[in-house]
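We will go from stop to stop, selecting a few residues each time.

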Amino acid sequence: MIASEIKNYFESNYNSRPLVVKAPGRINLIGEHTDYNLGYVLPASIEKGIYFAVSGNAKAEINIETFLTSPEKITFNLKGKHTAYNAGWGNYFKAIIEILVENNYPLKGMDCVFGGDIPIGSGLSSSAALCCGFLYALSKVCEQHITREDIALIAQKAEHKIGLNCGLMDQYAVLFGKSKNALFLDCRDLSHKYIPVNLKGYSWVLINSKITHNLAVDSEYNKRRISCENIVAKIAEKRSEITSLRDVTMNDLKSIESDVNPTDYKRAHYIIAENQRVLKMIEVLNSGDAIQVGNILLEGHWAMSKEFEITTKELDYLVESGQDLEGIMGSRMMGGGFGGCTINLIKTETVEENLKKILYSYKNQTGINAEVYRLNIDDGVHIVEDVSRKEDFNKKAVK
Ligand code: GLA
């Protein structure tokens, strides 16, 4: 469902004119799993998103209705006491309301209808969009003026409550993204700047492998984090000033190789190199060197496949089949791992032909019809002033 449909539905069912908020999904150019290691990331917010229509009501309850998954409605009380829901999305709102109540944010009754076009479990951060967009809308209705920085922290806490010990990349991308730019975020001090990603003559394209994941249930994500923490703890035995992999060099790592588990070693090796890839990526984007950009994407992918071990055979296949095609500069899996999309840099004049080839051979190999989305970088969470204009934009942008 798109913005105007959600707004119309709200007006017909809740008898008031709602505020409409868009929370975008995100892509990531490079810097995977580096966020919780206090390293660098380079994500961007996209045109695919979740739209929330919201308005205050005079009751002591928050009614939320979704069209993102199958239509469903849940009523939350303002005391933050709820049992777990079957609906995955319900548990995110439950967690958010609990955190707000624990931190004494005064809540007001409100009605909220949401839906959108982010594919769920595809590495495009539908859950960060859900949490950040809802918090932003709620902060407007309750006149709380919660800052974007605080929204990011509350949304992260909600993910942790649900079971994913994530970093802050997704929330920052969703909240601070800017049209046509990637967000270079330093996850240690959360400072960020914008990097234009327009490479003349080249297009960014996402290919959804259609292998979906639920990182919060799949503890492999958290296991990767523990591996990184094990290495930091080993180094900190002798150097207590070391508190994250951000401060660990390849030489530091080598010096403890024989004292640590080889799997943890591999994981940390990947993270240290991935941080360097982010810095290198910014350099080559600035100089407009598409060949180098493609090489960094590929290097990142194969390191995630062999060292961090978070890809799937389908994602590896998508990347590998693109590697042999003229005009595909490079690709990599994106996000937490174990499914989702690849991001691809392709010479614009070869896009149609190359995508046809990849989709065909992917179908032959896996039996799956992959989906393609052209990348359009849009602004971070914002109020949609003119719902019909946004809708036109969406129709053009989404293929
Ligand atoms: C998920 C997490 C993020 C980040 C990425 C991997 O999206 O939510 O914090 O760790 O995986 O880069």
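Select helix α5, then colour M169, D170, Q171, Y172, A173, V174, L175 and F176: each of these residues is buried. This is a predicted model. How much of α5 is enclosed by the rest of the structure? The helix is largely enclosed, because 8 of its 8 residues are buried.

**Next: α4 against α5**

Two packed helices are described by the angle between their axes and the distance between the axes. Turn the view to look at the crossing: α4 passes α5 in a right-handed crossing.

Now show side chains. On the α4 side, select R148, E149, I151, A152, A155, Q156 and E159. They meet Q171, Y172, L175 and F176 of α5. What is the make-up of this contact, by nonpolar, polar and charged residues? The contact of α4 with α5 divides into 6 nonpolar, 2 polar and 3 charged.

**Next: A158**

Stay in α4 and select A158. Is A158 buried or exposed? A158 has a relative accessible area of 0%, so it counts as buried. Show what surrounds it. Beyond its neighbours within four places in sequence, A158 is in contact with Y92, A95, I96, I99 and C131. Then draw a distance from the C-alpha atom of A158 to that of A128: it reads 9.6 Å, for two residues 30 apart along the chain.

Most residues other than glycine have a negative phi, and most peptide bonds are trans. Two stops go against the phi part of that pattern.

- Select E143, in the loop between α3 (126–141) and α4. Its phi is near 50°, a positive value in a residue other than glycine. E143 is exposed, with 54% relative accessible area.
- Select N104, in the loop between α2 (88–102) and β6 (110–116). Phi of N104 is near 60°, again positive in a residue other than glycine. N104 counts as exposed, at 66% relative accessibility.

**Next: aromatic rings**

The structure holds 13 aromatic pairs. A pair of aromatic rings is described by the distance of the centres and the angle of the planes.

Start with Y9 and F67. Their ring centres are 4.7 Å apart and their planes stand at 70°, so the pair is edge-to-face. Which parts of the chain does this pair link? Y9 is in helix α1 (residues 3–14), and F67 is in the loop between β4 (61–66) and β5 (72–77). The two are 58 residues apart. Y9 counts as partly exposed, at 23% relative accessibility.

Move to Y36 and Y221. The centres of these rings are 5.6 Å apart and the planes are at 65°, so this pair is edge-to-face. Y36 sits in the loop between β1 (19–28) and β2 (40–41), while Y221 is in helix α6 (residues 220–236). The pair therefore ties together parts that are 185 residues apart in sequence. Y36 is buried, with a relative accessible area of 8%. Y221 is buried too, at 6%.

Now select F52, F76, Y85, W89, F93, F114 and F134 together. They form one aromatic cluster.

One more ring: select Y373 and K48. K48 lies over the face of Y373, at 4.5 Å from the ring centre.

**Next: Y265**

Go to helix α8 (residues 262–286) and pick out Y265. Y265 is buried, with 12% relative accessible area. Leaving aside neighbours within four places in sequence, its contacts are I231, L253, K254, E257 and V260.

**Last stop: S305**

Select S305 in helix α9 (residues 290–306). Is S305 buried or exposed? At 14% relative accessibility it counts as buried, because the cut-off for buried is under 20%. Finally, show T311 and D316. S305 is in contact with both, leaving aside its neighbours within four places in sequence.

Key
Residues numbered from 1 in each chain as written. Predicted model: local features only at pLDDT ≥ 70, side-chain atom pairs only at ≥ 80, totals over all residues. Heavy atoms only, no water. Helix = DSSP H or I, 4+ residues; strand = E, 2+ residues; numbered from the N terminus. Buried < 20%, exposed > 50% of the residue type's maximum accessible area, 1.4 Å probe, protein only. Contact = heavy atoms within 4.5 Å. Phe/Tyr/Trp six-rings, centres within 6.5 Å; stacked < 30°, edge-to-face > 60°. Lys NZ or Arg CZ within 6 Å of the ring centre and 35° of its normal. Left-handed = near helix turned anticlockwise from the far one by under 90°. Nonpolar A, V, L, I, M, F, W, Y, C, P; charged D, E, K, R; others polar.
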